[in-house]
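Q: Hey, I'm new to this one. Can you walk me through it?
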Amino acid sequence: MFIFEKRTQIPVVIKNRNPKLASYILSQYGGPDGELGAALRYLSQRFAQKDKRAIALLTDVGTEELGHLEMIGSIVSQLTTGEGARSFDRYGVGDYYIDHANAVYPASASGVPFTAAYIQSKADPIADLMEDLAAEQKARATYDNILRMCDDPDVANVIKFLREREVVHFQRFGEVLDILQEKIC
Amino acid sequence: MAADMTPRCAALLKKLSEADFFALDLKLYLDTHPDDCEAIRIYREAVKQAKACRQAFEAECYPLRCESAGKDGDWDWLCGKWIK
């Protein structure tokens, strides 16, 4: 089960408004390599894992990803707080405003709504962990792309933190994969 | 936003973030290294520190977990900065 705590993993405090940047960062909310997909992937795959270390890691990383989803939502929300229709339009994201105004909606940067087709859950421990390793790298690469587009230090500092977490998760998933492969041999 | 928060509360929150993050990162390490006794000892210490930081924040600022709300007879769960 989950216990909600009224804070984010690190404080998210964004001073400036920028609906365009918000529309890019939204991809890590509901995009193909985003935090929602990550949380669903790990929290679903864990049911079929047999090794306690794999189950624990998928549970703990999946839980952390839910917290990251919240942090991304917070960045998007703060970047658009108080911005009106004309501002969204000036920033080139009037189409997002028409469908969602100042709301946070799980979609990719290009506007594709979130779909579970982004993830797999195969009941095959090796296949699932291989997907997880790739997923962490793809998320890391997306954060790299966001950092190339982002010159707001308040946003970049949070994005850099989240990027680093992908690297740590990749390391841990790799360790579990090694453990399982040794058991097979 | 921390603008809704006194500097004192923002500082207490930062301390909690740091302490709790240390425990969280150790937890992931221990999932794949459950036999590392030294790491388990450090984990227990980190959890103790984070708990103290959480209590310090909640005593001076507002409840972070619902289980800490209502201690003074007011429904203060609504208080403070929600995720925004």
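Predicted model: local features only at pLDDT ≥ 70, side-chain atom pairs only at ≥ 80, totals over all residues.

Q: OK, and what does the C-alpha trace of chain B span along its principal axes?
A: About 45 × 25 × 20 Å.

Q: How many helices and strands does chain B have?
A: Chain B has two helices and zero strands.

Q: What percentage of the residues in chain B are buried?
A: Of its 84 residues, 18% are buried.

Q: And the contacts inside chain B, how many of those join residues at least 24 apart?
A: If you take the contacts between residues at least 6 apart in sequence, 46% of them join residues at least 24 apart.

Q: Switching topic: how many residues does each chain put into the contact between A and B?
A: Chain A gives 24 residues and chain B gives 19 residues.

Q: Which elements of chain A give two or more residues to that side?
A: Those are helix H4 (52–80) and helix H8 (153–184) of chain A. The largest share comes from H4(A), with ten residues.

Q: What kinds of residues are on chain A's side?
A: They divide into ten nonpolar, five polar and nine charged.

Q: Let's zoom in on H8(A). How does it sit against H1 of chain B, parallel or antiparallel?
A: The axes of H8(A) and H1(B), which covers residues 7–32 of chain B, come within 9 Å and cross at roughly 15°. An angle under 35 degrees counts as roughly parallel, so H8(A) is roughly parallel to H1(B).

Q: Is that crossing left-handed or right-handed?
A: H8(A) and H1(B) make a left-handed crossing.

Q: Which residues make the contact?
A: On H8(A) they are Val168(A), Arg172(A), Glu175(A), Val176(A) and Ile179(A). On H1(B) they are Asp25(B), Leu28(B), Asp31(B) and Thr32(B). By class, that contact has four nonpolar, one polar and four charged residues.

Q: What about H8(A) and H7(A), are they roughly parallel or antiparallel?
A: H7(A) spans residues 125–149, and its axis and that of H8(A) come within 9 Å and cross at roughly 160°. Anything over 145 counts as roughly antiparallel, so H7(A) and H8(A) are roughly antiparallel to each other.

Q: And the handedness there, left or right?
A: H7(A) passes H8(A) in a left-handed crossing.

Q: Last one: what classes of residues are in the contact of H7(A) with H8(A)?
A: There are 17 nonpolar, three polar and six charged residues in that contact.

Conventions:
Residues numbered from 1 in each chain as written. Chains lettered and ligands numbered in written order. Contact = placed C-beta atoms within 7 Å. Helix = DSSP H or I, 4+ residues; strand = E, 2+ residues; numbered from the N terminus. Nonpolar A, V, L, I, M, F, W, Y, C, P; charged D, E, K, R; others polar. Axes fitted to C-alpha atoms, helices over the stretch in contact; angles between N-to-C directions. Parallel < 35°, antiparallel > 145°, perpendicular 65-115°, else oblique. Left-handed = near helix turned anticlockwise from the far one by under 90°. Buried ≥ 20, exposed ≤ 12 C-beta atoms within 10 Å, placed from the backbone.
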